[in-house]
Amino acid sequence: METQITFLPQKKTLKVRPGSTVLRASREARVHIATRCGGNAGCLMCKVKVAPDQADALTPPTEAERRKLGPLLNQGIRLACQANIIGSAVVELPEDPLKAAIRKQLERQNDDDLW
């Protein structure tokens, strides 16, 4: 039996076996999720966001996620290395910090150009 996961904002969808981690699925879909700890919930770099109506598509948070993420879990934040896919899911990757800084700077420049 297969299920699927969609990564946003890339809009990439991949069929996966239930039980695969979000991180593993992202690698198969060639969607980059940063990690340094090798999937051990140590670096907290692999955060993804899951909409409330999609929460049941992933396994419940692990003890490691509860300890590391705390209140962020209430906002739909999960660790891709710990969340296993058990149903069709849509996950959103946060914007890369460097790209976000560049985008903000470009927006400021565009606003300045108008006046």
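Hi everyone, let me start with Leu106: this residue has a relative accessibility of 45%, so it counts as partly exposed, since that class runs between the 20% limit for buried and the 50% limit for exposed. Before I go on, please keep in mind that we are looking at a predicted model.

Where does L106 sit? Its place is in helix α3, which covers residues 97–113.

Now, on to the backbone. As a reminder, most peptide bonds are trans, and most residues other than glycine have a negative phi. With that in mind, have a look at the bond between L8 and P9: the peptide there is cis, with omega at about 10 degrees. P9 belongs to the loop that links β1, residues 3–8, and β2, residues 12–16.

Stay in that loop for a moment, please. K11 also lies between β1 and β2, and although K11 is not a glycine, its phi is positive, about 60 degrees. Is K11 buried or exposed? Its relative accessibility is 68%, so K11 counts as exposed.

My last stop is R30. You will find this residue in the loop between α1, residues 22–28, and β3, residues 47–50. R30 is not a glycine either, and its phi is positive, near 60 degrees. With a relative accessible area of 74%, R30 is exposed, because the cut-off for that class is over 50%.

Technical notes
Residues are numbered from 1 along each chain as its sequence is written. This is a predicted model: local features need pLDDT of at least 70, side-chain atom pairs count only at pLDDT 80 or more; totals for chains, interfaces and linings use all residues. Side-chain values use heavy atoms; hydrogens and water are left out. Helices (H or I, at least four residues) and strands (E, at least two) are DSSP runs, numbered from the N terminus. Buried means under 20% relative accessible area, exposed over 50%, partly exposed in between (1.4 Å probe, protein chains only).
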